Amino acid sequence: MFIDAPGTTLRREDLKKAVEVAALLNELERAGRGTLVDVAAGKAYLGLLAVEFLGFEHLVVIERDERRLADVRHAMGHLTRPAKIELKRGDVNDRSLWPECPAVVTALHACGPASDAVIDAALASETKWLLLVPCCYGATIPSWPLAEAQAEKLGVPRHAEAHKRFLQSIVDAERILRLEAAGWETTAVPFVAPHVTPHNLLLRARRLKEPTRMDDAARRRARLLDA
Ligand SMILES: C[S@@+](CC[C@H](N)C(=O)[O-])C[C@H]1O[C@@H](n2cnc3c(N)ncnc32)[C@H](O)[C@@H]1O
């Protein structure tokens, strides 16, 4: 669907991407059916293959780069299943691009603050499921200054690898607690081996709205933010 130039074969990075997409298709299969939103979609490998292999009948693709959307349009021509597919060019933060109450929102390698924007918009849309793989940790992430302040307060050494891991943990902890406090039961799992991608953390969130769990997460998040 995506590589159709005569004589072209899959490159090493394509093979790695295929492993990631296959793992997430398994996740999507378990999440059920309904409107699927592929955000920060790039070429929308995940969304389009979910239509083709899993039979999703309504796909919304949100992506800011027109060239990527042109690739999506091209690949759509190879689909063998009928589906309603909406391509929305713009920023993840633009809520007008989002459908109401989708079944599943997925974002594979949403760069830096885009992961936080996906969480906020997915929660606002009341999605049933969110499958999010964050990537590109750094200063543009909203909770980064908090993580740096905590590292300083606790005396975490500045040695780059240890420091980076600590900051990433705080960023992901805040994301998990934000999801849980809003009522989305969340698991954090490595979805592929680290040699496939070092950004292999999947946040798998399901709308549950269980009050005790929400209260506990809200308390923990307040402690994290105040620490
Ligand atoms: C690392 S690529 C991942 C693409 C695709 N999900 C994949 O795994 O192949 C991130 C994509 O997100 C898009 N993106 C990043 N920030 C965005 C934002 N704030 N709003 C919309 N798209 C964004 C980029 O244009 C890029 O296509």
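The axis of a helix is a line fitted to its C-alpha atoms, over the stretch in contact when two helices are compared. With that term in hand, this briefing covers a predicted model of a protein with seven helices and seven strands. Two of its helices, α5 and α6, have axes that come within 9 Å of each other.

**Overall form**

- From the N terminus on, the order of elements is α-β-α-β-α-β-β-α-β-α-α-β-β-α.
- Buried residues make up 34% of the 227 residues.
- Among contacts with a separation of 6 or more, 69% join residues 24 or more positions apart.

**Helices α5 and α6**

- Two packed helices are described by the angle between their axes and the distance between the axes.
- Helix α5 covers residues 144–154 and helix α6 covers residues 160–182; their axes cross at roughly 125°.
- Angles from 65 to 115 degrees count as roughly perpendicular and those over 145 as roughly antiparallel, and α5 and α6 are therefore oblique to each other.
- The crossing of α5 past α6 is right-handed.
- On the α5 side, the residues in contact are Trp144, Leu146, Ala147, Glu148, Gln150 and Ala151. On the α6 side they are His163, Phe166, Leu167, Ile170 and Val171.
- Sorted by class, this contact of α5 with α6 holds eight nonpolar, two polar and one charged residues.

**Helices α4 and α6**

- Helix α4, residues 113–124, also packs with α6, at an angle of about 5° and with the axes 11 Å apart.
- Because of that angle, α4 is roughly parallel to α6.
- Asp116, Ile119 and Leu123 of α4 meet Arg175, Arg178, Leu179 and Ala182 of α6.
- The contact of α4 with α6 has four nonpolar, no polar and three charged residues.

**Helix α2**

- Helix α2 spans residues 45–54, and seven of its ten residues are buried, so this helix is largely enclosed by the rest of the structure.
- Its buried residues are Tyr45, Leu46, Gly47, Leu48, Leu49, Ala50 and Val51.
- Gly55 follows α2 and has a positive phi, near 80°.

**Leu24 in helix α1**

- Leu24 lies in helix α1.
- Leu24 is buried because 22 other C-beta atoms lie within 10 Å, and a residue counts as buried at 20 or more.
- Leaving aside residues up to four places away in sequence, Leu24 touches Leu46, Thr106, Leu108, Leu131 and Phe191.
- Leu24 and Thr106 are 82 residues apart along the chain, yet their C-alpha atoms are separated by 9.0 Å.

- Most residues other than glycine have a negative phi.
- His109, in strand β4, has a positive phi near 60°.
- His109 has 17 C-beta neighbours inside 10 Å, so this residue counts as partly exposed.
- Cys136 also has a positive phi, near 55°, and is found in the loop between β5 (129–135) and α5.
- Cys136 has 14 C-beta neighbours inside 10 Å and therefore counts as partly exposed.
- Beyond residues up to four places away in sequence, Cys136 touches Cys111 and Gly112.
- Cys136 and Cys111 are 25 residues apart in sequence, and the distance between their C-alpha atoms is 5.3 Å.

Terms used
Residues are numbered from 1 along each chain as its sequence is written. This is a predicted model: local features need pLDDT of at least 70, side-chain atom pairs count only at pLDDT 80 or more; totals for chains, interfaces and linings use all residues. Axes are lines fitted to C-alpha atoms, for helices over the stretch in contact, and angles run from 0 to 180 degrees between N-to-C directions. Helices (H or I, at least four residues) and strands (E, at least two) are DSSP runs, numbered from the N terminus. Angles under 35 degrees count as roughly parallel, over 145 as roughly antiparallel, 65 to 115 as roughly perpendicular and the rest as oblique. A crossing is left-handed if the near helix is turned anticlockwise from the far one by less than a right angle, and right-handed if clockwise. Two residues are in contact if their C-beta atoms, placed from the backbone, lie within 7 Å. Ala, Val, Leu, Ile, Met, Phe, Trp, Tyr, Cys and Pro count as nonpolar, Asp, Glu, Lys and Arg as charged, and the others, Gly among them, as polar. A residue is buried if 20 or more other C-beta atoms lie within 10 Å of its own, exposed if 12 or fewer, and partly exposed in between; C-beta atoms are placed from the backbone.
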